[in-house]
Amino acid sequence: MKHLIPEFERLKTRLPPGHDATLLLPCLRRIQEDQGYIADGDIEGLVEYLGVPRIQIEEVLSFYGMLRRAPIGRWHLQVCHNVSCSMRGAERLLDHLSGRLGIQPGETTPDRRFTLSTVECLGACGTAPVVMVNEAYHENLDPAGLDALLERLD
Amino acid sequence: MPVIFINGEAVDTGEHPTVLQAALANGFYVPHFCWHPELSVVGNCRVCLVEQEGRGVNIACNMPVVDGMRIETDSETVRAQRKAMLQFILLNHPVDCGICDKAGECTLQDYHYAYNGEPALSREPKLKGTKFYPLSSRILLDNERCILCSRCVRFTREVSKSNVLGIEYRGDSALVRPAEDRTLDDDPYSDNVIDICPVGALLSRSFLHQARVWYLEPTPSVCPRCARGCTVQLWHRKPEWQLKTLDPSHNTRILRVTPLENPRVNGPWICNRGRDLGEVLERPRAEQALQKGAGVTMMEAIEATRALIAESTRRIALVSSWASNEELRAFQNALGDRFTSFVKPDQLPEEGEVVEDELLIRADKNPNTRAAQDLFGSEAPEIREDADLILVWGEGVDFAQLPRGAKIVFLGSWLLPEVGHADVFIPLSIQTERRGHYTNFEGVVSAFEPCQPRPEGVIDAETLFPLLAAPGGARGRA
């Protein structure tokens, strides 16, 4: 996290003085973007850098499901299983992925290539079912489309 | 001062910034869980709903007072919405009052009777939660009963400043939890969260399933464990609800200690050491007068002391800083001119305890040093080698350090090794057995009341000193 501090310092200039704690969420997001997860050492670093009690950082980390405290695979497959996607076959996609990768939602393949998750609504109901791979949406998927997608992921 | 109308009555709101505070101060009760006079406003329980004419229903705890506003605290709309809020709050509450220590003094129970009184409307099964999560060696958390008002969290952030607790996860998974590297044991004021918890979620482990609170009554007292002199309540069984037990002490034991709210001294808080008063006051008592370690009657011990006083010329008294104002004055009046008196500390800080902090805890671990020093001066005890009589009043004196030639008269309450080494030992009553006052380090005088019977063979210091001073043929109870 140390190498991101100049970036955090620039963010600080956009806030009135004494509001460092407000930077907690942007800092956590930037750290996760940088290394894929937030390590215990980063929490301690932020306690020191922002002067926020550790419990407040733990509250934020546990509140936001997208913030991770352990590393995941190279490709993060997030299958939406909210109403629209479920009606359009999301459970079938999930079963297909589970079978093909040999893992359950929440798990990572032993070669650390794929992590499978379920998520709530991704806001793409019109093009359900949708799977988010890292930062990219893949819409109107069926098992064949999913296979083609997986082929492109190394 | 803004004037508002509550239920049609004009109310001068004075210094109160919110409708809730103005209403409570003027005798209009508005129910509330999360609001607490010493904590910040979060407005998350939504039960302090009131109706403002023209503006609809909103929470009173976060409603600033505006001159001329018209508030209804018990209109039909308010009643209906408050009832609905209580349905939400009880949605996942287990209603296990039958096995809950809080029953009888639980805000949720009271509000349910007063404002809802209906069975749950929801037919969904209630969520299961951790029933016994140990927050510290002193406190248990029952997550099923917790209504997430966050009073305990705000207490650790705003009052004790230990920042131990937080609410983790979200929605119906949300839980009060300590930080991963901390426990509430780090907080010397942690037990206050048990008092401010409006439900039975935070429970004292030492009081767990010890007694139903309606069989108990509090006696006002003063914590003797530091110079702050916090006012406390000592809880013991009501005389009309005595247990049939072979050991009569079961009926007089101090079952728990809670703060007695006192804005001039401790506000609504006390420290954890104050909650453990039993470990000091309920040590084994010395109940037998002794002369050189051999049992004598109280009268014989008093006669022996009078003889020692008469025979000696260079007399020194080490005055107890645990004595009440009344006892100190009795000593001054009866014997003050016969002794060179010094005030000594009865207790010193123990290893591992917080010696002093900014909230309440003081470094002087004695309740009445100030009053004693006002009478007998604040010089450190200086015991001349040629002293021939030393009166040791209270504990904390190492007899090995006293001059060998001097006779020792020891006045104490507990069974300490020293009682057998004194020339005369006279057992005294303790603060739970008599009335009295302590003066704290700021000069505030607080009173304590008796709640335990005085053991046979023990005398009040106030009675003793005039007897010691009498010229002979002492009368009175011995």
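Guide: Helices (H or I, at least four residues) and strands (E, at least two) are DSSP runs, numbered from the N terminus. The model is a predicted one.

Visitor: How many helices and strands does the secondary structure of chain B come to?
Guide: Chain B has 478 residues, of which buried residues make up 41%. Its C-alpha trace spans about 85 × 50 × 45 Å along the principal axes. The secondary structure comes to 11 helices and 22 strands.

Visitor: In what order do the elements of chain A run from the N terminus on?
Guide: Chain A holds seven helices and four strands. Its C-alpha trace spans about 55 × 35 × 25 Å along the principal axes, and buried residues make up 21% of its 154 residues. From the N terminus on, the order is α-α-α-α-β-α-α-β-β-β-α.

Visitor: How do the residues divide on the side of chain B that touches chain A?
Guide: On that side, 11 residues of chain B are in contact with eight residues of chain A. The chain B residues divide into five nonpolar, two polar and four charged.

Visitor: Which residues have the most contacts inside the largest nonpolar core?
Guide: That core has 74 residues. A second, separate core has 39 residues, including B:W322, B:F331, B:L389 and B:I426. In the largest core, the residues with the most contacts are B:V19, B:V47, B:C48, B:A60 and B:L202.

Visitor: Which residues does B:V47 touch, not counting residues up to four places away in sequence?
Guide: B:V47 is among the residues with the most contacts inside the largest nonpolar core. Leaving out residues up to four places away in sequence, B:V47 touches B:P31, B:H32, B:F33, B:R82, B:M85, B:L86, B:I89 and B:Y111.

Visitor: How do the residues of the contact of α2(B) with α3(B) divide?
Guide: α2(B) passes α3(B) in a left-handed crossing. The contact is made by B:R82, B:K83, B:L86 and B:Q87 of α2(B) and by B:Y111, B:H112, B:Y115 and B:N116 of α3(B). These residues divide into three nonpolar, three polar and two charged.

Visitor: Is B:V95 buried, partly exposed or exposed?
Guide: B:V95 is found in the loop between α2 and α3 of chain B. Its phi is near 50 degrees, a positive value in a residue other than glycine. Because 15 other C-beta atoms lie within 10 Å, B:V95 is partly exposed.

Visitor: What covers the buried residues of α10(B)?
Guide: In α10 (residues 369-376) of chain B, the residues B:T369, B:R370, B:A371, B:A372 and B:F376 are buried. Just after α10(B), B:G377 takes a positive phi of about 80 degrees. The cover includes β16 (315-320), α9 (325-335), β17 (340-344) and β21 (436-439) of chain B.

Visitor: What do the buried residues of α11(B) pack against?
Guide: In α11 (residues 461-469) of chain B, the buried residues are B:A461, B:E462, B:L464, B:F465, B:L467 and B:L468. They pack against α8 (298-311), α9, β19 and β20 (424-427) of chain B.

Visitor: How far apart in space are B:I408 and B:A60?
Guide: B:I408 has its place in strand β19 (residues 407-412) of chain B, and B:I408 counts as partly exposed because it has 19 C-beta neighbours inside 10 Å. B:I408 and B:A60 are 348 residues apart in sequence. In space, C-alpha to C-alpha, they are apart by 65 Å.

Visitor: What is the omega of the peptide bond from A:A128 to A:P129?
Guide: A:P129 is in the loop between β2 (114-119) and β3 (131-133) of chain A. The peptide bond is cis, with omega near -5 degrees.

Notes. Residues are numbered from 1 along each chain as its sequence is written. Chains are lettered from A and ligands numbered from 1 in the order in which they are written. This is a predicted model: local features need pLDDT of at least 70, side-chain atom pairs count only at pLDDT 80 or more; totals for chains, interfaces and linings use all residues. A residue is buried if 20 or more other C-beta atoms lie within 10 Å of its own, exposed if 12 or fewer, and partly exposed in between; C-beta atoms are placed from the backbone. Two residues are in contact if their C-beta atoms, placed from the backbone, lie within 7 Å. A crossing is left-handed if the near helix is turned anticlockwise from the far one by less than a right angle, and right-handed if clockwise. Ala, Val, Leu, Ile, Met, Phe, Trp, Tyr, Cys and Pro count as nonpolar, Asp, Glu, Lys and Arg as charged, and the others, Gly among them, as polar. A nonpolar core is a set of buried Ala, Val, Leu, Ile, Met, Phe, Trp, Tyr and Cys residues joined through C-beta atoms within 7 Å.
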